[in-house]
Amino acid sequence: MAVVEHALLPVRAGSEAAFEAAVVEAKPLIEASPGFISLEIRRPVDPGQPYLLLVQWRSVADHRDGFRTSERYQRWRALLHPFYDPVPAVGYFGDPL
């Protein structure tokens, strides 16, 4: 079973373009992670709303115990977390109904 990591990314107003540029730089870091399947970040339709992050992993452990404990995650965090206010919460979802 693959899992989907979900987060709403509250990007500081006025920094959207810089955030999107940082995403381009950060993507290879997560894509190189064991257990990674896919990444999708969607722009909000309405101004001031959060971006939507959807990452598909082979397992929750691939994200929590793999990517989040890696040097790649430290770099990902350094690139993207300065744009968030507040830091987003992450949730996981299993198989579709």
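Start by selecting aspartate 85 and arginine 12: in this predicted model, their side chains meet in a salt bridge, 3.5 Å from N to O. Aspartate 85 sits in the loop between helix H3 (71-80) and S4, while arginine 12 is in the loop between strand S1 (3-9) and helix H1 (16-31), so the pair ties together parts that are 73 residues apart in sequence.

Next, pick glutamate 20 and arginine 43. Here the closest N and O atoms are 3.0 Å apart, in another salt bridge. Glutamate 20 belongs to helix H1 and arginine 43 to the loop between S2 and S3, so this pair links parts 23 residues apart in sequence. Glutamate 20 is partly exposed at 25% relative accessible area, whereas arginine 43 counts as exposed at 60%.

Now click on aspartate 62 and arginine 58. Their side chains also meet in a salt bridge (3.0 Å, N to O). Is aspartate 62 buried or exposed? It's buried, with a relative accessible area of 11%.

Last stop: switch to cartoon view and look for the sheet. It's open, with four strands in the order S2-S3-S1-S4 and antiparallel pairing. At its edges are S2 (36-42) and S4 (90-93), each pairing on one side only. From one strand to the next, the twist averages 20°. Zoom in on S2 and S3 (residues 51-57), which run antiparallel and are joined by six bridges. To finish, select phenylalanine 36, and you'll see tryptophan 57 of S3 standing opposite.

Key
Residues are numbered from 1 along each chain as its sequence is written. This is a predicted model: local features need pLDDT of at least 70, side-chain atom pairs count only at pLDDT 80 or more; totals for chains, interfaces and linings use all residues. Side-chain values use heavy atoms; hydrogens and water are left out. Two strands pair if DSSP finds at least two bridges between them. Helices (H or I, at least four residues) and strands (E, at least two) are DSSP runs, numbered from the N terminus. Axes are lines fitted to C-alpha atoms, for helices over the stretch in contact, and angles run from 0 to 180 degrees between N-to-C directions. A salt bridge is a side-chain nitrogen of Lys or Arg within 4 Å of a carboxyl oxygen of Asp or Glu. Buried means under 20% relative accessible area, exposed over 50%, partly exposed in between (1.4 Å probe, protein chains only).
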